[in-house]
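Visitor: I am new to this structure and would be grateful for a close look at a single part of it. Please take me through that part and its surroundings in one connected account.

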Amino acid sequence: MAEQNPSADLMRLVNGYQVSQAIHVVATLGIADLLTDGPRTSDDLAAVAEVHPRALYRVLRALAAVGVFREDEGGFFSLTPMGEGLRSDATGPVGPWAAFIGRPYYWQAWAHLRHSVRTGESAFPHVHGGADVWECRARHLEEGAIFDRAMTGLSRGVADALVSAYDFSRFGRVVDVAGGQGALLVAILAAHPGMHGVLFDQPHVVSGAGKVLRAAGVGDRCEVVGGSFFEAVPGGGDAYLLKAILHDWDDVGSTAILHACRRAMRPQAKLLVLERVIGLPNEGPDAKFSDLNMLVAPGGQERTGDEFATLFAAAGFRLGSVLPTGTRLSVIEGVPI
Ligand SMILES: C[S@@+](CC[C@H](N)C(=O)[O-])C[C@H]1O[C@@H](n2cnc3c(N)ncnc32)[C@H](O)[C@@H]1O
């Protein structure tokens with residue numbers, strides 16, 4: 001058994017930012033896709049990626065030391081099972097998320113976590129002249145596109161498991177509220193050929209979604225609507241999905257979004273919130289660090305089951321079942337009252 005060394009363990013956590021930024025760089029360069037057909041030298045990879053050969057070698061050997069790549073004699077690198085997750089054709093691609101989280105504008109907000117801890121406020125507007133994440137991405141469309149790809153990657157990673165865990169077949173028409181570019185809706189509609197969908201998000205986010213839906217073979221069963229969930233969401237759905245939405249907002253913003261859904265819903269319709277649920281003390285770092293990510297950037301929070309119940313009640317819903325899905329997300333049902 002490996003000897004325990006709490007100080008070394010602590011140092012590994014402290015230096016985690018170095019690993020994160022190194023993975024961000026190789027994800028941005030598309031290195032994993034270049035290794036799909038087998039090992040290549042770092043010099044070869046550097047030539048294709050048009051970067052400094054020795055510097056890329058140093059990044060790759062560091063990541064090989066933590067198990068992302070494998071380094072062999074002659075400067076050859078290949079993908080480990082972990083590194084396979086950076087390929088763009090991975091079932092749950094992590095590359096788009098890595099390509100997003102290291103972006104300087106986002107990284108800068110994390111550099112000001114202390115501001116959030118001091119004030120309780122999001123650090124993002126503090127470092128971006130008062131603009132929130134959504135304003136910033138609408139202004140800088142390249143950053144918006146990188147973020148949208150990250151969301152699509154995360155959704156692709158959990159979509160099949162969500163479709164298996166929850167019985168969507170009882171619904172004829174599903175509205176995905178702020179559904180990004182449609183990755184979850186594609187999986188649900190593909191699994192249920194009789195079902196229709198509505199993809200709703202900000203106009204600049206859904207502007208290219210029709211193409212994605214058609215390519216996935218569900219375009220004829222899916223309407224695409226642009227708008228703001230603070231104004232109105234499309235009516236006529238049997239189920240209203242909110243995946244990774246409420247965690248972006250504080251209770252005031254979340255209640256406003258839920259009110260908009262409630263106004264659009266018939267009494268028999270179901271609200272399906274897909275979110276992390278904060279678990280017991282000393283467990284579940286994914287939800288608890290995602291909570292910090294929400295504090296720093298969009299100014300939201302992850303919630304406990306009781307906090308969802310309180311939020312729902314404030315917007316005219318009763319908490320139904322909370323179904324774990326074997327992914328980081330649970331399906332949290334809201335029943336209109
Ligand atoms: C964390 S992403 C989740 C996207 C998608 N549900 C998923 O899980 O992949 C949050 C989404 O909220 C959308 N959004 C932000 N503000 C919005 C608004 N006022 N009205 C509609 N959508 C909005 C963003 O464009 C983004 O797609």
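Guide: About 30 Å³ of space lies in the largest cavity of this predicted model. Under the rule applied here, one cavity of 30 Å³ or more is counted. Rolling a probe the size of a water molecule over the atoms shows where empty space is left.

The lining of the largest cavity is formed by Trp-134, Arg-137, Gly-144, Phe-147, Asp-148, Gln-202, His-204 and Val-205. Three helices, α11 (133-139), α12 (141-165) and α14 (203-206), each contribute at least two residues to the lining. Of the lining, α12 provides the largest share, with three residues.

The helix α12 also takes part in a packing arrangement with another helix. Two packed helices are described by the angle between their axes and the distance between the axes. For α12 and helix α13 (residues 183-191), the angle is about 30° and the axes lie 8 Å apart. Angles under 35 degrees count as roughly parallel, and α12 and α13 are therefore roughly parallel to each other. The crossing of α12 past α13 is right-handed.

On the α12 side of this contact stand Thr-152, Ser-155, Arg-156, Ala-159, Asp-160, Leu-162 and Val-163. They meet Ala-183, Leu-184, Ala-187, Ile-188 and Ala-191 of α13. The residues in the contact of α12 with α13 are divided into eight nonpolar, two polar and two charged.

Definitions and conventions. Residues are numbered from 1 along each chain as its sequence is written. This is a predicted model: local features need pLDDT of at least 70, side-chain atom pairs count only at pLDDT 80 or more; totals for chains, interfaces and linings use all residues. Side-chain values use heavy atoms; hydrogens and water are left out. On a 1 Å grid over the protein atoms alone, a cavity is a set of points where a 1.4 Å probe fits but cannot get out, and a pocket is an open set with protein on both sides within 12 Å along at least five of seven lines; lining residues have an atom within 4 Å of a point. Grid points are joined across faces, edges and corners, and a volume is the space filled by probe spheres set on the points. Helices (H or I, at least four residues) and strands (E, at least two) are DSSP runs, numbered from the N terminus. Axes are lines fitted to C-alpha atoms, for helices over the stretch in contact, and angles run from 0 to 180 degrees between N-to-C directions. Angles under 35 degrees count as roughly parallel, over 145 as roughly antiparallel, 65 to 115 as roughly perpendicular and the rest as oblique. A crossing is left-handed if the near helix is turned anticlockwise from the far one by less than a right angle, and right-handed if clockwise. Contact means heavy atoms within 4.5 Å. Ala, Val, Leu, Ile, Met, Phe, Trp, Tyr, Cys and Pro count as nonpolar, Asp, Glu, Lys and Arg as charged, and the others, Gly among them, as polar.
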